[in-house]
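Trainee: I would like to check some labels against their cut-offs.
Mentor: Go ahead, one label at a time.

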Amino acid sequence: MRESEVRNVLVIGDLHEPFCLDEYLDWCLEQYHTYNCTEVVFIGDVIDNHYSSYHETYGGNELMTGSDELELAIQRISRWYKAFNQKGTKVIIGNHDRLIMRKAQTSAIPSKWIKSYKEVLGTPNWDFVERYELDGVQYIHGEGGTARTKCRADMMNTVQGHLHTQCYTEHYVGKNFRVYGTQCGSGINHKSYAMAYAKYGRRPAVGCAVVLNNGTLPINLLMPL
């Protein structure tokens, strides 16, 4: 195999902008170069949409208006787009990304009235998808469970996010198959008011993943705190 044919994927965890750790971007960019990555996948929930949650909102006097939160999220996502703006970058659509569309559907607003994710966020080269498959690996957000259960249910290598406190890779070997499940961690700032619902739980696993050598070598990477 020629070196030019080797695909190495950087998998960036949930951002929940504008509630992402400031240093997470530089650290992810460092991993991209360290592991000679050729592809980038954002694993979902690039935006939090806290103001539009179906659950109680937190923040008290710190709580931003919906307009202010969205504008700040767009500004912060522009940093990520500047760093990773290659055409075809995949962004898995997560449950928080989907909040506005869900509310529009609840209100019976026709989809033609709704802008695309890339239009709203100013990311024309990013490709927003529900699921992405490359080199026998499926990349999903992961609302349906854990990577360890999903990879066995589908009998397919699986990388997912959604579960902020989990960061691992497990391999399962059967008589006629071998698969792995990777939870890639996240980049959220657990001290932000949007994450107050989880303040009494475990701290998030701040990290990302790389899937090297055409899908054959998954590695979890944890950011120093």
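Trainee: Why is Asp 45 called buried?
Mentor: Buried means under 20% relative accessible area, with exposed over 50% and partly exposed in between (1.4 Å probe, protein chains only). Asp 45 has 1% relative accessibility, so Asp 45 counts as buried. This is a predicted model: local features need pLDDT of at least 70, side-chain atom pairs count only at pLDDT 80 or more, and totals for chains, interfaces and linings use all residues. Residues are numbered from 1 along each chain as its sequence is written, and side-chain values use heavy atoms, with hydrogens and water left out.

Trainee: Which peptide bond is cis, and what is its omega?
Mentor: The bond that joins Glu 17 and Pro 18 is cis, with omega about 15°. Pro 18 is found in the loop between S1 and H1. Most peptide bonds are trans.

Trainee: How do you know that Cys 20 is in no disulfide?
Mentor: A disulfide is a pair of cysteine sulfur atoms within 2.5 Å. The nearest cysteine sulfur to that of Cys 20 belongs to Cys 28 and is 7.6 Å away, and Cys 20 is in no disulfide. For Cys 28, the nearest cysteine sulfur is that of Cys 208, at 4.6 Å, and Cys 28 is in no disulfide. A search of the whole structure finds zero disulfides. Cys 20, at 4% relative accessibility, counts as buried, and Cys 28 is buried at 0%.

Trainee: What makes a set of residues a nonpolar core?
Mentor: The members are buried Ala, Val, Leu, Ile, Met, Phe, Trp, Tyr and Cys residues joined through side-chain atoms within 4.5 Å. The largest such core has 31 residues, of which Ile 12, Tyr 24, Phe 42, Trp 80 and Phe 84 touch the most other members. Among the elements that each supply at least two of its residues are strand S1 (9-12), helix H2 (66-83) and strand S10 (207-212). H1 gives the most, with five residues.

Trainee: What does Phe 42 touch?
Mentor: Contact means heavy atoms within 4.5 Å. Not counting residues up to four places away in sequence, Phe 42 touches residues including Ile 12, Leu 15, Trp 80, Phe 84 and Trp 126. A second, separate core of 15 residues includes Val 9, Val 41, Ile 92 and Tyr 139.

Trainee: How do the residues of the lining of the largest pocket divide?
Mentor: Ala, Val, Leu, Ile, Met, Phe, Trp, Tyr, Cys and Pro count as nonpolar, Asp, Glu, Lys and Arg as charged, and the others, Gly among them, as polar. The lining of the largest pocket divides into 12 nonpolar, two polar and two charged.

Key
Helix = DSSP H or I, 4+ residues; strand = E, 2+ residues; numbered from the N terminus.
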